[in-house]
Amino acid sequence: MNEQNIELIVRQVLESMQSDGYGKTSSYGAAAAAPAGAIPKTAHVAVLTKLGNFDVKEYPIPPLGDNDLLVKVEGTGVCGTDAHEFKRDPFGLIPVALGHEGTGTIVAMGKNVKKDSAGKDVKVGDKIVTCMIFKDDPDITTYDLNKQNVGGADVYGLLPDDDVHLNGWFSDYIFIRGGEFGSTFFNVSDLDLDSRILIEPAAVLVHAVERAKSTGILRFASRVVVQGCGPIGLLCIAVLRTMGVNSIVAVDGNPQRLDFAKRLGADATVNFADYPSGIEDLTEGVKKAFGGKLADFGFQCTGNPKAHSNIYKFIRNGGGLCELGFFINGGDATINPHFDICSKELTIVGSWVYTLRDYVNTFAFLDRAKKIGLPVTELITHKYPLDRINEALETNLAQKGLKIAVMGDPSLAKD
Ligand SMILES: [Zn+2]
């Protein structure tokens, strides 16, 4: 950096302090006033190097190609998938840069980058999220997913390590590769930071509700049971509520989570711990919560085989069920095909991740949830700085809080 540059920076800092007082907040103000293009030479990436341990590594930021983007990370949600990787590495990815629920600011883009995956203009300074990477399966087109679901697509944050290294959102900079790499991303500058951190998990629910609607059973006045009140079940309730479904019963074993389910739109809650004698009793509890009737539709949002077996009992003859809790192999569940499916004529759908279209609908969901006063962003209970990522994962595994975030920008972290 030469003297002229330093002079320029000093002048900009002074100007920003005079203009709005923002710059007076010490070092953060100075950073905010740094000229555009002041991009560091290296990035910090949390790499899961062995089970239960991330090391924050420093890598050079690769030169930007004409189709690439460099994004300064603000924050990233910790997903159940990250927790599974941290504990057991079921996908065999170690060493890996994790974090797929991230958002941040474009700080540099190649000259060919003009629009996001929805056709919206993008410029340096815009806030973005990434979605699926469709590189190796031409049958999966970006919007028409009738042929095949996105089961095989990649995402940033679950890519194998390579010479770019900046492949996950648990970092301070992420490198988005354009062109044939098949990246997709969206300009979400209209949404606040916390809403942006929740886009990816919320998209899982927007998709699940779309799957549920495909049965023709989920309607405006349906009675819906949502089993499991982790972030996924809670977001499910909020999505149902924003689309006008009012009769929602939440089932979980944790009183705090059930309280939050009510704040997000559940009409009534059932704590399964209050029914130790078994499924008949618990079913009566769910029925009572619906005023004496069984549910028209159920969403199964836990990865527990017992919970899968139970939910059939809560649903009326001719009703529907969406199973979305088993993102990893949680084992076999026992059901009785005669009682649970055949004689009931149940319509069952599975749900897996989302499509690009679901992403766009998710932006509308988050905006709408905010407007009708649902406290969706209160799902984020912890914001750890990047260098405390191991603690963030331990907090998630201990089931303390709800959605844990890791802030690539440490000035955004808070305890
Ligand atoms: Zn996720």
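Which strands does helix α8 (residues 279–289) lie across, and at about what angle does α8 run to β13? Helix α8 lies across β11 (223–227), β12 (247–252) and β13, and runs at about 170 degrees to β13, where axes are lines fitted to C-alpha atoms, for helices over the stretch in contact, and angles run from 0 to 180 degrees between N-to-C directions. The model is a predicted one, in which local features need pLDDT of at least 70 and side-chain atom pairs count only at pLDDT 80 or more, while totals for chains, interfaces and linings use all residues. Residues are numbered from 1 along each chain as its sequence is written.

The protein has twelve helices and 18 strands, these being DSSP runs numbered from the N terminus (helices H or I with at least four residues, strands E with at least two). Of its 415 residues, 43% count as buried, a residue being buried if 20 or more other C-beta atoms, placed from the backbone, lie within 10 Å of its own, exposed if 12 or fewer do, and partly exposed in between.

Six of the strands form an open sheet with parallel pairing, in the order β13-β12-β11-β14-β15-β16; two strands pair if DSSP finds at least two bridges between them. Because β13 (268–271) and β16 (347–350) each have a single partner strand, they stand at the edges, and one side of each is left without a neighbour in the sheet. Neighbouring strands of this sheet are turned against each other by 20 degrees on average, direction ignored.

Of the 15 residues of α5, 13 are buried, so that the helix is mostly covered.

Elsewhere, the axes of helix α3 (residues 80–88) and helix α12 (residues 389–397) come within 10 Å and cross at roughly 105 degrees. That makes α3 roughly perpendicular to α12, a term for angles of 65 to 115 degrees, with those under 35 counted as roughly parallel, those over 145 as roughly antiparallel and the rest as oblique. Asp 82, Ala 83, Phe 86 and Lys 87 of α3 make the contact with Leu 393, Asn 396 and Leu 397 of α12.

Technical notes. Contact = placed C-beta atoms within 7 Å.
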